[in-house]
Amino acid sequence: ASTVALRAGTGAGRLEIVQFHGPIKKEWLKTIKEQGRARPIAYLPENAYIVWVEDSSPLGGTGLPIQWREEFSPLDRLSPDLLSPPDPVDVTVLLARVGDHDTVMSEIRTRALAILMEPHDTGALTSIRLTLPPGAAERLVLRPEVLWIEPFDPPGTHDERSALISSGLVEDGKPSGPGYLAWLKARGLDD
């Protein structure tokens, strides 16, 4: 069990999930943005968006076909693998570029034991990979701008082709292990 009570932050804004009654139309997102009621951050299947809201007033008066709306709780924004880890852990943090984004990014950097990948912006989101001490992910996810924190496993090669390359069994840029090319050719996978 977590040693940190995962409750929502008390700042001015927060992340929410808004689900519509059908496939999302551009006009609906435009209406939300123009009224200043919410800022769409990312699409979620089915027919939903993660949005940033400055206040929790109802969106019902907008005339939008909203089926469901709820705060995106900290517990839902943290991978279960990160609840009370005993050792430092490599993670990817996804941060919405809203609210106190820069302050939260500074806090993330301060808590990090090491930065594995500098921040990278994509759309309304920033991702950063780093090593956190035990319990730090549980504290960071309490910041409403943090969308998701998950363990990061560096990519590796784990297939037959990479094993052949690592063994030096390559000729002219093609794997050349004993019988490998004949096996591929017999299955119609040759050049």
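**Entry 1: contacts and overall make-up**

I began with contacts in the protein chain between residues at least 6 apart in sequence, and 68% of them join residues at least 24 apart. I note here that this is a predicted model. I then looked up the secondary structure and found five helices and 10 strands in the chain. Of the 191 residues, 38% are buried.

**Entry 2: confidence**

The chain averages a pLDDT of 85, and 89% of the residues score at least 70. The stretch to read with care is residues 1-10, where the pLDDT is below 50. In the model this stretch still has 21 contacts beyond near neighbours in sequence.

**Entry 3: a four-stranded sheet**

Next I traced an open sheet of four strands, and its order is S6-S7-S5-S8 with antiparallel pairing. Which strands stand at the edges? I found S6 (114-122) and S8 (146-151) there; each has a single partner strand, so one side of each is left without a neighbour in the sheet. From one strand to the next the twist averages 15°.

I then followed one pairing in detail. S5, residues 89-96, pairs with S8 in the antiparallel sense over five bridges. To find a spot to look at on screen, I picked leucine 95, whose bridge partner in S8 is valine 146.

**Entry 4**

I moved on to helix H2, which spans residues 101-111. Its buried residues are His101, Val104, Met105, Glu107 and Ile108.

What do the buried residues of H2 pack against? I listed S5, S6, strand S7 (125-132), helix H3 (136-140) and S8.

**Entry 5: salt bridges**

I searched the whole structure for salt bridges and got eight. I took a few in turn.

Glutamate 107 counts as buried at 18% relative accessibility, while arginine 111 is partly exposed at 26%.

Helix H1 (residues 26-34) holds another pair, lysine 30 and glutamate 34, also four residues apart and about one turn of the helix from each other. Their closest N and O atoms are 3.8 Å apart. Here I noted that glutamate 34 is exposed, at 60% relative accessibility.

Then I went to arginine 14, which forms a salt bridge with glutamate 16, with the closest N and O atoms 2.8 Å apart. Is glutamate 16 buried or exposed? Glutamate 16 is buried, with a relative accessible area of 1%. Arginine 14, by contrast, is partly exposed at 27%.

Notes:
Residues are numbered from 1 along each chain as its sequence is written. This is a predicted model: local features need pLDDT of at least 70, side-chain atom pairs count only at pLDDT 80 or more; totals for chains, interfaces and linings use all residues. Side-chain values use heavy atoms; hydrogens and water are left out. pLDDT is the predictor's confidence in each residue, from 0 to 100. Contact means heavy atoms within 4.5 Å. Two strands pair if DSSP finds at least two bridges between them. Helices (H or I, at least four residues) and strands (E, at least two) are DSSP runs, numbered from the N terminus. Axes are lines fitted to C-alpha atoms, for helices over the stretch in contact, and angles run from 0 to 180 degrees between N-to-C directions. A salt bridge is a side-chain nitrogen of Lys or Arg within 4 Å of a carboxyl oxygen of Asp or Glu. Buried means under 20% relative accessible area, exposed over 50%, partly exposed in between (1.4 Å probe, protein chains only).
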